[in-house]
Amino acid sequence: MSKKLISVKTVVAIGIGAALMFVLMRFVAVPTGIPNTNINFGIAILAVFAAIFGPVAGFLIGFIGHTLTDLTWGWGVWWTWVAGSALFGLGVGFFFKSYRINEGGFGIKQCIVFNIVQIVTNFVVWLGIAPTLDVLVYAEPAEKVYLQGLVIAPTNAAVVLILGSLLIFGYTKTLGKSASLKAE
């Protein structure tokens, strides 16, 4: 019997996560003052879904959600930054078992691990990968895209730290701990 690569529950989560990410990135974006650089609350949704459903879901939610956002802004799809969102979701999702969210065990220790992972991933992706790809692929001015990354990496990290952590704590409160059930 073959094992499923991805469950129906995860496929549904990808659809919901991508839709929520798109709506938040497109309609609840707060300008930073740096051109084409917004504070996006969708990054918190991406991090939360990746932390719950894993790297495949994180990658696809980031890819789909960011692509839809770019398509509706009207300036074209910036594949380098779409790749950044997808890689961010992959990176956060890669450690999803360490967060113990699905077990109802997300406590302070797991929150610290989650935030270390998301902060490191934010800086690697938005200060390293995405702007470097912009320079290499689109021949964008390095000063411009690294400034965008310098603004967005800590901004995204802060949004996920606050909003993402609160969302995960809230979500885990809806789960029952498996250790709380005892046989009589």
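Predicted model: local features only at pLDDT ≥ 70, side-chain atom pairs only at ≥ 80, totals over all residues.
Residues are numbered from 1 along each chain as its sequence is written, and side-chain values use heavy atoms, without hydrogens and water.

R100 is located in the loop between helix 5 (96-99) and helix 6; helices (H or I, at least four residues) and strands (E, at least two) are DSSP runs, numbered from the N terminus. The phi angle of R100 is near 55°, a positive value in a residue other than glycine. The side chain of R100 also forms a salt bridge with that of E103, at 3.0 Å from N to O; the term denotes a side-chain nitrogen of Lys or Arg within 4 Å of a carboxyl oxygen of Asp or Glu.

E140 and K144 form a salt bridge through their side chains, with an N to O distance of 2.5 Å. In this pair, E140 has 16% relative accessibility and is therefore buried, whereas K144, at 33%, is partly exposed.

The largest pocket (an open set of 1 Å grid points with protein on both sides within 12 Å along at least five of seven lines) has a volume of about 430 Å³. Its lining, counted as residues with an atom within 4 Å of a point, comprises 22 residues, and N36, T37, H66, W75 and W81 are those nearest the pocket centre. Two or more lining residues come from each of helix 3 (55-73), helix 4 (79-94), helix 6 (108-138) and helix 7 (142-173). The greatest contribution to this lining is that of helix 7, with five residues. By class, nine lining residues are nonpolar, nine are polar and four are charged.

N36, one of the residues nearest the centre of the largest pocket, belongs to the loop between strand 1 (30-31) and strand 2 (38-39). The phi angle of N36 is near 55°, which is a positive value in a residue other than glycine. With a relative accessible area of 55%, N36 is exposed.

At least two patch residues come from helix 3 and at least two from helix 4. Helix 3 contributes the most, with seven residues. L71 is placed in helix 3 and, at 54% relative accessibility, is exposed.

L20 is placed in helix 1 (residues 8-27). The relative accessibility of L20 is 37%, and L20 is therefore partly exposed. Between L20 and W79 the separation is 59 residues in sequence and 20 Å in space, C-alpha to C-alpha.

Conventions. 1 Å grid on protein atoms, 1.4 Å probe; cavity = no way out; pocket = protein on both sides within 12 Å on 5 of 7 lines; lining within 4 Å. Points joined across faces, edges and corners; volume = space filled by probe spheres on them. Nonpolar A, V, L, I, M, F, W, Y, C, P; charged D, E, K, R; others polar. Buried < 20%, exposed > 50% of the residue type's maximum accessible area, 1.4 Å probe, protein only.
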